[in-house]
Amino acid sequence: MRFRNPVLGMIDGRRVQDTTSAEPLFGYSYRVEEMRTYDGLGGPPSRVTYDYGTRCYDQGAANKTNGGTLCAGPDSEEFGPLVGHDWVRVTPLDFDGTPLSQSKHLFHTTPYEWRGKEYQTEAYDGGGTALLQESVTTWAGNADFSYVEETVSTDHSGAEDVSTKTTYTYDTQ
């Protein structure tokens with residue numbers, strides 16, 4: 001496995017260029033661009049690609065996000081780590097590289113208690129243009145206890161849209 005992080009000038013965890021930044025260095029923030037699965041018989045791998053939305057940093061320094069946004073927690077330092085992205089698109093590919101389908105997963109970046117929780121999933125055709133299904137999740141609660149309040153799933157693949165709604169309640173006694 002080989003990791004590349006051109007922003008930090010690192011390959012496989014080794015610094016390959018000198019930086020003279022006064023900002024603290026953190027652990028490495030990797031993200032998957034492609035996953036390959038081999039059948040063990042010498043055939044081509046099945047592949048899944050990943051694309052990402054805006055980066056979200058748990059920090060207080062707004063001018064040091066490198067194009068990302070702030071999603072700071074209650075105890076954030078001036079400089080903080082990458083904690084996620086606002087969306088991720090997953091694309092399984094055919095053996096010739098043709099997209100078979102696409103799914104987009106959207107995540108809360110604020111408020112803090114919901115940060116990183118998925119609130120919407122969209123399933124598309126291989127071209128990424130026709131929305132086939134979507135699911136919207138409503139979260140409730142606070143920093144001590146967050147929970148799913150409601151999920152609405154809609155199938156857009158037929159002549160008419162079909163939706164199902166599930167509501168959740170919690171007994172806190």
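Q: In this predicted model, what makes β7, β6 and β8 an open sheet of mixed pairing, and in which order do the strands lie?
A: Three strands lie in the order β7-β6-β8 and form an open sheet whose pairing is mixed. The edge strands are β7 (69-70) and β8 (82-85), each of which pairs on one side only.

Q: How do you know that strand β6 and β7 pair, and in which sense do they run?
A: Two bridges join strand β6 (residues 55-57) to β7, and these strands run parallel. Cys-56 stands opposite Thr-69 in β7.

Q: What is the strand order of the open sheet of eight strands?
A: The order is β4-β5-β9-β10-β11-β12-β13-β14, and the pairing is antiparallel. Strands β4 (34-37) and β14 (162-167) are called edge strands; each pairs on one side only. Neighbouring strands of this sheet are turned by 15 degrees against each other on average, direction ignored.

Q: Why is strand β9 called largely enclosed?
A: A residue counts as buried under 20% relative accessible area. Five of the seven residues of strand β9 (residues 87-93) are buried, so the rest of the structure largely encloses this strand.

Q: How do you know that β9 pairs with strand β5 and with strand β10?
A: Strand β5 (residues 46-52) and β9 share six bridges in the antiparallel sense, and Thr-49 stands opposite Thr-91 in β9. Between β9 and strand β10 (residues 101-107) there are four bridges, again antiparallel. Here Arg-89 stands opposite Lys-104 in β10, while the bridge partner of Val-88 in β10 is His-105. The threshold is at least two bridges, so each of these pairings qualifies.

Q: How do you know that the charged end of Lys-104 sits over the ring of Trp-87?
A: The charged end of Lys-104 is 4.6 Å from the centre of the Trp-87 ring. The distance limit is within 6 Å, and the position must also fall within 35 degrees of the ring normal. The charged end of Lys-104 is classed as sitting over that ring. The charged end of Lys-117 likewise sits over the ring of Trp-139, 5.3 Å from its centre.

Q: Why is the pair of Phe-145 and Tyr-170 called edge-to-face?
A: Their ring centres are 5.8 Å apart and their planes are at 85 degrees. Rings pair with centres within 6.5 Å, and planes over 60 degrees apart count as edge-to-face, so both conditions hold. The structure holds three aromatic pairs, and ring pairs link Phe-145, Tyr-147 and Tyr-170 into a cluster.

Q: What makes the pair of Phe-145 and Tyr-170 a tie between parts that are apart in sequence?
A: Phe-145 lies in the loop between β12 and β13 (146-155) and Tyr-170 in the segment after β14, so the pair ties together parts that are 25 residues apart in sequence.

Key. Residues are numbered from 1 along each chain as its sequence is written. This is a predicted model: local features need pLDDT of at least 70, side-chain atom pairs count only at pLDDT 80 or more; totals for chains, interfaces and linings use all residues. Side-chain values use heavy atoms; hydrogens and water are left out. Buried means under 20% relative accessible area, exposed over 50%, partly exposed in between (1.4 Å probe, protein chains only). Axes are lines fitted to C-alpha atoms, for helices over the stretch in contact, and angles run from 0 to 180 degrees between N-to-C directions. Rings of Phe, Tyr and Trp (its six-membered ring) pair if their centres lie within 6.5 Å; planes under 30 degrees apart count as stacked, over 60 as edge-to-face and the rest as tilted.
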